[in-house]
Amino acid sequence: MTCESASALIPLYHYGELTPEQEDTLEAHVHECGSCSQAMDRQRALARALDRREVTAPPRLLDDCRGDLFAAIQGGATAGSKAFSKGPWTLFLEALGATFAGLGRMRQPLAAAALLAVGFFGARLTATKTAITAGGVAQPAYTTVRSISTVGSGKVEISVDDTTRRIVSGGLDDPAIQQLVLAGSREDNAAVRVESVGLLKDRAASGEVRDALVNALAADPNPAVRMKALEGLRPLAGDAQIRQVLAQALIRDDNPVIRMQAVDLLVAQRDDSMVGVLQNLVQHEDNNYVRLKVAKALKDMNASVGTF
Amino acid sequence: MNPQVDSLIRAAQRGDQDAFEQLVRVYDQSVLRLAMNLLRSPEDARDVYQEAFLRVYRNLHTFRFDCSFHTWLYRIVTNICLDQLRKRKVRKEEAAVVETSEGPVDRMDLFEEENAAADPERTTWNRQLGQRIESALGDLTPRERMVFELRHYQGLRLRAIGDVLGTTEEAAKNCLFRATQKMRGVLGDFI
């Protein structure tokens, strides 16, 4: 094998796309050839650098996208229609127009988009799950005037949005109530989010609740909400995906109390894959208590505090 | 073929909206991840998501199970993403970069830093590396970019990538090779 042909195979080798025979031949060549061995190292370094640049979708973006899509479908997208000609945003805005007229273009900062997703869920519950109104008590409507125009003969035409408030009561086992509490966990009002996540934290066995807790821990700006979400995820701390979320909280959360709790949950059971995360953290952690806790956890795992 | 997915598809083809929603939820995270990684813009990723699944909704009745649903869906998604990438090439816009008081910054860096109390030194190095990688990725043709994305980040085999992009495994291999060579060239001493 020549260095030129080896060079062509190195990326494919890295991605496991060679036949076993090609792999053997390449490995034998790389073993003997210093420059191809370096080329192999560079391929690995490139992959690591690119791994670090992988983007994770912001947690609320997925909810927002789902909200847009299902609203568009409810608002007029037709299955199997070849004559379908409206763009997705048109459909989405039309769907919103029916319920939340005047909120305008959705390409706003994420917080605003999240608010709309909550609005969508609220609208959806109102529209499709009418049983929820059984125990509700109607309150006075809030009215917003969106536009006024004269139409001749001294008359005016006024476009009005009415928002009504209802009081809904029921147990958390009621799916409709649970949906509202889930919507509350994404509300703009932090107090509502704290209450909502506090109610959900004992119900992490449900996939939807679990997702809400994960989202809250990863992205909620309020530490009290994140703390409650962390408590809710405690029973799931053995789950590999949840451990990834906890590791992210440990690395990214700016609240040391949450980082301390995350360490506790992560080291409660032996998991060698966490050693690297903890070793990395202990080098960069600026809070003494967290750093000492991580160092102790590493010692308990018989792992060194430093990296080599 | 996944029997659960198949039954969801059949139910959705009969007009069962809940089944369609469940079907979307099976695949939408990976679709969004692909769009985010390729376009590095939450707004554009959102548009791709919306357009892709609306196309699926409108055309699901034409799906005949002669390939996997994943392949069928990804043909739709990659076509939309390739269109976006080509438009960017034509406009010569770098949508992933925004101007700040400290100069041009990858918008995803801004997003990440909202969450992270980052070490300034590490952030600077990461930012430089990030800019270099963005530049390297920007030098790829849309097709090379797509093949690289599907293999490196989405973990698809080259044969499956060929199926999705309507080309051969050999052509996908060549694309991957060219993409990695270009990136190694641009990243130079960073790796």
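1. How many helices and strands does chain A have? Chain A has 14 helices and 4 strands, where helices (H or I, at least four residues) and strands (E, at least two) are DSSP runs numbered from the N terminus. This is a predicted model, in which local features need pLDDT of at least 70 and side-chain atom pairs count only at pLDDT 80 or more, while totals for chains, interfaces and linings use all residues. Residues are numbered from 1 along each chain as its sequence is written, and chains are lettered from A and ligands numbered from 1 in the order in which they are written.

2. Of the 308 residues in chain A, 32% are buried, that is, have 20 or more other C-beta atoms within 10 Å of their own, with C-beta atoms placed from the backbone.

3. The contact between the chains takes 37 residues from chain A and 45 residues from chain B, two residues being in contact if their C-beta atoms, placed from the backbone, lie within 7 Å. On the side of chain A that touches chain B, the elements giving two or more residues are α1 (3-14), α3 (34-52) and α4 (59-74) of chain A, and α4(A) provides the largest share, 10 residues.

4. Within chain A, helix α10 (residues 223-233) and helix α12 (residues 256-267) pack at an angle of about 10°, with their axes 10 Å apart; axes are lines fitted to C-alpha atoms, for helices over the stretch in contact, and angles run from 0 to 180 degrees between N-to-C directions. α10(A) is therefore roughly parallel to α12(A), a term for angles under 35 degrees.

Definitions and conventions:
Buried ≥ 20, exposed ≤ 12 C-beta atoms within 10 Å, placed from the backbone. Parallel < 35°, antiparallel > 145°, perpendicular 65-115°, else oblique.
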